[in-house]
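Here is a short briefing to read alongside the model. Please keep the structure open while you go through the points below.

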Amino acid sequence: MPAHVVVLGAGFGGLEVTSTLVDELGSDVAVTLIDRTDGFVFGFSKLDVMFGKATPEHVFHRYDDIVRAGVSFVQADVTEIDAVARRVSTTSGQIEADYLVLALGADYDVSRTHGLAEVGHEFYSEAGAFALHDELAAFRGGDVVIGVTAGPFKCPPAPSETALLVDELLRERGIRDDSTISLVMPFPRPIPPSPDASAALLETFAERGIAWYPETGVRALDPQLRRARLGDGSTLPFDLYLGVPVHRAPSVLVESGLTVEGWVPVDSATLETPWPGVFAIGDCAAVGTPRAGVFAERQGATAARRIAARIRQGITDASYDGRGTCYIEFGGGEVGIVEVSFFDGRPSGSLEGPSLALAADKREFGASRIKRWFGRDWTPLPS
Ligand SMILES: Cc1cc2nc3c(=O)[nH]c(=O)nc-3n(C[C@H](O)[C@H](O)[C@H](O)COP(=O)(O)OP(=O)(O)OC[C@H]3O[C@@H](n4cnc5c(N)ncnc54)[C@H](O)[C@@H]3O)c2cc1C
């Protein structure tokens, strides 16, 4: 009988765990992959749709397309997790596992920011980002605020990329001179572990007239006055507010008693939780790295190799190294790359680019993942 691994969440991390397990173990493993949705969308594709570079249909990858021996996809909501018994309750019934991987990502709590749902737009969910495509197309100019509420939040470069892409769009539409763009972030610099990338971004913000408000978050939006209130008490007027909402672990993890200080505790080298045979990866886990797909993916590969070694009753030196490669959109089709490292002393990272050549690298990054996970050819931006 093959060992049964149940992977909760078919996002960046869950897809990587699944494909690595099958590559490593072949017919010695049966993987059940569970997600409430019927397909996957890369985080960066949300910005591609928002800024009109791709359509929602183009960036959507149906889980039905995963045709690999040993993998069954179940579309269901996970409603309860018994980590001791490794038993999961879902809207399609109960499932027992030999090994369990928690890869449920992070949820958003829009209601924690007063006024956000009424007069702002969050651009972190698929629905929010996709709806903003029409909102941006109809925008006639005015004050644009891109605001982060508080950390941790997914993909720390995304708010800076959004500010630069808004700038590009408003220039293309001839309404940049009628507009202001402000970026509010609770960090001292745009990419804290990378002084080079931060300096390049700050220089680009200055060149393009983007106002930068560091070390503070947006606490609330005033629906009547249409002003964003920042953590330091000051306010900014807005005609268009693009927000990063408060993040939290999915409620099923909290209600199943699997979180400590909001997130699932893990050994950051092995990704195993305090419950034997239960691993947690990606945005839902307290690993000590930022919440981003590239980190979730590398954590997924490590967890899969450790599970594979246990199933084979072998040993492995697979250990998560806290590294990741982040792509940053600078506008004008140019992309920069930051290689970041979080576990070798002080977090650090250096910038390559930005350039058009690195944009091709980013496209290849997306294409290679879809080939590996779904077995089909795809390119992030349609030609
Ligand atoms: C605008 C934006 C741009 C980004 N750009 C980048 C980028 O360029 N590079 C990068 O590396 N990262 C980027 N990210 C971050 C990246 O998308 C996430 O960090 C990454 O997807 C995390 O992977 P994960 O596997 O932990 O979670 P996810 O990919 O979010 O997957 C979690 C899955 O769990 C499912 N789920 C949750 N709860 C339940 C439940 N109760 N029952 C069933 N299913 C459930 C969800 O449907 C989801 O499919 C970006 C994010 C945003 C918002």
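According to an unreviewed UniProt entry, the annotation "domain: FAD/NAD(P)-binding" covers residues 4-300; such positions follow the numbering used here, feature names are shortened, and annotations may be inferred rather than shown by experiment. The model is a predicted one, in which local features need pLDDT of at least 70, side-chain atom pairs count only at pLDDT 80 or more, and totals for chains, interfaces and linings use all residues. Residue numbers start from 1 along each chain as its sequence is written.

**Annotated span and domains**
- Residues 4-300 are 27% helix and 29% strand, and the end C-alpha atoms of this span lie 17 Å apart. Helices (H or I, at least four residues) and strands (E, at least two) are DSSP runs, numbered from the N terminus.
- The domain assignment gives domain 1 (3-106 + 249-321) and domain 2 (114-247), with bounds from an automatic or database assignment.
- The centres of the two domains, taken over C-alpha atoms, are separated by 30 Å.
- Across the boundary, 14 residues of domain 1 are in contact with 17 residues of domain 2, contact being C-beta atoms, placed from the backbone, within 7 Å.
- The domain 1 side that touches domain 2 has 9 nonpolar, 2 polar and 3 charged residues. Here Ala, Val, Leu, Ile, Met, Phe, Trp, Tyr, Cys and Pro count as nonpolar, Asp, Glu, Lys and Arg as charged, and the others, Gly among them, as polar.

**Around the ligand**
- The ligand has 33 residues around it, of which Gly 9, Gly 11, Gly 43, Gly 105 and Gly 282 come nearest; a residue is near if its C-beta atom, placed from the backbone, lies within 6 Å.
- By class, this shell holds 17 nonpolar, 9 polar and 7 charged residues.
- Domain 1 and domain 2 each give the shell at least three residues.
- At least two shell residues come from each of α1 (12-25), β2 (29-35), α2 (43-50) and α8 (293-311), and α2 has the largest share, with 4 residues.

**A residue of α8**
- Val 294 is found in helix α8.
- Beyond its neighbours within four places in sequence, Val 294 is in contact with Gly 324, Thr 325 and Cys 326.

Key:
Contact = placed C-beta atoms within 7 Å.
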